[in-house]
Amino acid sequence: MSSVNETLIRDVVSEVLSRLGGAATAPAPAAPAPSSNCGCSTRKVNRADVALRGKFGVFQDANEACAAAQEAFLQLREKGVAARRKIEEIVKALAEKNAEAWGKLEYDETKIGRLDHKIAKLGLIKLVPGVDWLRPDARSGDHGITLEEYTPFGVVGCITPSTHSIPTLSGNIVNIASAGNAMVFNAHPSAAKCAAAAVRAYNEAIYRETGIENIACIIEKPTLDSFNALCKNEFTRLLLVTGGPMVVKAAMQTGKRAICAGPGNPPVFVDDTCCPTRAAKAIISGGAFDNNLLCIGEKEVFVLENTADKLMQKLSENGAVKLNEAQLERLTKAAFTFKEGQGGGCAHASVNRDFIGKDCSVLAQAAGINLPSGTQLLFAETDAKHPFVDEEQMMPFIPIVRVKSVEEGIEESLKAEHGYKHTAIIHSHDVETITAMARALDTTLFVKNGASPCGLGLGGEGYLSFSIATPTGEGITNPRTFTRVRRCVMVDNLRIY
Ligand code: NAD
């Protein structure tokens, strides 16, 4: 900017300020009392209305939970950054200490996924970013210093999935409380008891160590009504939704700002320049993890025809078992239900929930095959229109589709991803192919030459979260996701050089 313009701007600003100063003596119009001096909700809770004490975060009623969380938010504000840091430490330590017990609790309640991986996921909460993530941005120049700080909203309403109930909830607490907020969870009804047990344990420890009660609340018996009440409550400033398409749609219709970690159907494209052994091992470790419940997990593979046989051979050599055509047909009939399309159109397949997250042995039984022990994953050759390609199936089974060209591989990957903009994976050493796929798919996570969890810092660089905000664009959530950016300007002073 030229010095003439700068001078002009400063003159205009000074003129405006002097006029504002003059007007200050005139009687001010009656203005509604602000709910806060900083934009976060500082409204006090009427304690006579609610019984907030001694619940350790577990409530029957959504409005009561929101009132308790609001009070906890105000307590946390009083106690400052040290209390946030303590909460982060407590959640990480308890998740790790209780990984085995809580993993089992969740597995016994949901009966999906793998016990060893449920335990492993809780051991990973220590990798979720916390208080140190919130470094303010600063500008320093001839006109002084400006600081942009990441400040809390208040109460965040959180919806968690059945696929990783305690891990999502634990990671969300670390992110959201590190940013200075409180929260209320509406868990998936089939994973709500384990979620409430973890919430109670976290709150007991947090209360003991900080004196703050109910920083993370939960509705003990979640329903659609409690979801609606949570979204409508005046203290709920923000929503964080982790789940499938229906809940994302519902949250976006509430009128509240919603951060949505939505569904995925991650395609994998394998070209002729890849290392087939590395690709096969990565597909097995990502696709088999927790019986393919992860939203980022490999769900279908498109492979160039020259490499297809080699890739399948390497899959078989590394713990995956191939189904033949008849076995695939039997499994498909069991794993999906088919409804006739309107006007005699194509039948629409929907996933049979009894097969979601089940062990390979359950799928094998439906396919009519005996498995060698230690089988991690099943696979079979299909065409690109197969329901196992099209639907987000969340089973330890991967359809393998041969394609004739890079263009076809990318195009089919794009179709299979359904525009969720979630995750895609490529095994290739051709930078032009890699770049073309990255641009075409436009996903939040794009992993090259590794298993899908590498995208969350588990074998690749980066940090971990179990809530990846895809349709709303916030990306892999972290404490900053749950903050308001506020600017603080000191004019002409405090610059030390
Ligand atoms: P789900 O959509 O059935 O349930 C998710 C949550 O939403 C639950 O708490 C459920 O009770 C609630 N819910 C569902 N429909 C609702 C509605 N109409 N109104 C209000 N609440 C509603 O999903 P799930 O089976 O528990 O989890 C698997 C899904 O979640 C998959 O689609 C997966 O890709 C997605 N997911 C995404 C992420 C991510 O970070 N993007 C992480 C985990 C799971």
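Does H418 count as buried, exposed or partly exposed, and at what relative accessibility? Here are some notes on that and a few other spots.

1. First, the ground rules. This is a predicted model, where local features need pLDDT of at least 70, side-chain atom pairs count only at pLDDT 80 or more, and totals for chains, interfaces and linings use all residues. Residues are numbered from 1 along each chain as its sequence is written, and side-chain values use heavy atoms, with hydrogens and water left out.

2. Back to H418: at 34% relative accessibility, H418 counts as partly exposed. (Buried means under 20% relative accessible area, exposed over 50%, partly exposed in between, with a 1.4 Å probe and protein chains only.) H418 sits in the loop between α14 and β16 (423-427); helices (H or I, at least four residues) and strands (E, at least two) are DSSP runs, numbered from the N terminus. Its phi is near 60°, a positive value in a residue other than glycine. Most residues other than glycine have a negative phi.

3. M394 is another one to look up. Its phi is positive too, about 50°, and M394 is not a glycine. You'll find M394 in the loop between α13 and β15 (397-403), and with 15% relative accessibility M394 counts as buried.

4. Now helix α3. Its buried residues are A99, W102, G103, E106 and T110. Seen down the axis of α3, they fall within an arc of 105°, so they line one face of the helix; the arc is that of the directions from the helix axis to the C-beta atoms. They pack against α2 (62-97), α4 (115-123), α5 (165-178) and α6 (192-210), where contact means heavy atoms within 4.5 Å. On the face turned away from the buried side are the exposed residues E100 and A101.

5. The structure holds one cavity of 30 Å³ or more. On a 1 Å grid over the protein atoms alone, a cavity is a set of points where a 1.4 Å probe fits but cannot get out; lining residues have an atom within 4 Å of a point. Grid points are joined across faces, edges and corners, and a volume is the space filled by probe spheres set on the points. The largest cavity has a volume of about 50 Å³, and its lining is H164, L294, C295, I296, L456, S465, F466 and I468.

Conventions: 1 Å grid on protein atoms, 1.4 Å probe; cavity = no way out; pocket = protein on both sides within 12 Å on 5 of 7 lines; lining within 4 Å.
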